[in-house]
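Biologist: Could you walk me through how the two chains meet in this model? I would like to start with the helices.

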Amino acid sequence: MIDFGNPLHVVAYAVMAAGLLFDLVGCLGLVRLPDIYNRLQAGTKCVTLGTFLILLGVLIRFGFGAMGIKALLCLWFIAMTSPTAAHAIARAAHRAGFPLWKGSVMDRYADREKGVTS
Amino acid sequence: MTKALSAFVFCLLVWFAVTWSFDLAGIAVGVVLAAVIAYSLRDVELEEVPLLLMPHRLFWALAYIPVLFLYVVRANVDVAWRVLHPALPIRPGIVKARTSLKTPGARVLLANSITLTPGTLSVDVDGDMLYVHRIYVPEDDPDGATERSLERFEGFLRRIFE
């Protein structure tokens with residue numbers, strides 16, 4: 001599969017490997033971080049870039065053909081939908097009363113709901 | 001009518017890009033699907049889309065992509081470092097920041113850009129106030145520091161949308 005004599009293949013698979021690494025860190029973050037908001041941080045950042053890099057690797061490997069164009073479109077969809085979904089989950093969690101982790105230092109959003117202005 | 005027609009053409013282009021099949025069946029299904037989507041979107045207002053096709057706005061939109069990508073990579077290295085660090089160095093909280101952007105499209109992109117970049121996650125937008133969850137809240141002036149870190153995106157988004 002991997003043709004090490006072809007620099008394009010080496011770059012493509014290196015990019016995919018980096019993507020896998022970020023996906024792995026994102027999963028570790030889901031386990032290690034304390035509350036839903038921090039976990040979303042790991043979920044949106046590491047997993048978005050990880051998946052981004054894997055698709056970018058596919059684009060480099062296969063070029064602008066049937067496969068590459070699909071990868072490019074998936075890149076676009078992920079870039080637009082992943083942060084939107086994270087925002088929706090964070091907002092819904094906060095409105096449903098999920099507390100921030102006890103080590104959190106401030107919550108301006110709760111202040112707003114209580115009517116505190118500063 | 002022009003709006004429905006441009007929606008139809010756009011959907012058809014996306015269809016061909018995704019399926020990459022140009023035989024009669026593929027084209028027929030694409031035309032029918034694009035027509036259905038264009039028809040069902042006839043009442044949706046997309047007043048910002050024609051604006052984006054102006055060349056200088058398009059230029060700034062394209063210039064924004066590598067800049068954003070750079071910040072996304074930096075954000076990832078930062079979050080990855082915090083996740084892998086044995087002591088888990090986080091100091092989370094929700095701050096609020098005022099944005100100077102006026103149009104809805106620009107605010108949506110700003111909120112999404114925030115979510116993708118260093119330790120910040122947009123929780124809600126209320127008028128010109130953004131509520132942002134940060135994985136590491138700075139010691140002094142957390143709201144102001146967040147506002148200053150928004151400025152690097154606002155410059156681009158203002159040129160694209162306003």
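Biologist: How are H2(A) and H4(B) oriented to each other?
Modeller: In this predicted model, H2(A) and H4(B) are oblique to each other, because they pack at an angle of about 125°, and oblique is what remains once under 35 degrees is called roughly parallel, over 145 roughly antiparallel and 65 to 115 roughly perpendicular. Their axes, lines fitted to C-alpha atoms over the stretch in contact, are 9 Å apart.

Biologist: Which residues make that contact?
Modeller: From H2(A) they are Gln41(A), Ala42(A), Lys45(A), Cys46(A) and Leu49(A), and H4(B) brings Val72(B), Val73(B), Ala75(B), Asn76(B), Val79(B), Ala80(B) and Val83(B), where contact means C-beta atoms, placed from the backbone, within 7 Å. By class they divide into 9 nonpolar, 2 polar and 1 charged.

Biologist: And the whole interface, how many residues does each chain give?
Modeller: Chain A gives 35 residues and chain B gives 33. On the chain A side, the largest share, 11 residues, comes from H3(A), and that side has 20 nonpolar, 9 polar and 6 charged residues.

Biologist: Changing topic, what domains does chain B have?
Modeller: The domain assignment gives domain 1 (2–46) and domain 2 (53–161), with C-alpha centres 33 Å apart.

Biologist: What should I know about numbering and confidence?
Modeller: Residues are numbered from 1 along each chain as its sequence is written, and chains are lettered from A in the order in which they are written. Local features need pLDDT of at least 70 and side-chain atom pairs count only at pLDDT 80 or more, while totals for chains, interfaces and linings use all residues.

Methods: Contact = placed C-beta atoms within 7 Å. Helix = DSSP H or I, 4+ residues; strand = E, 2+ residues; numbered from the N terminus. Nonpolar A, V, L, I, M, F, W, Y, C, P; charged D, E, K, R; others polar. Domains from an automatic or database assignment. Axes fitted to C-alpha atoms, helices over the stretch in contact; angles between N-to-C directions.
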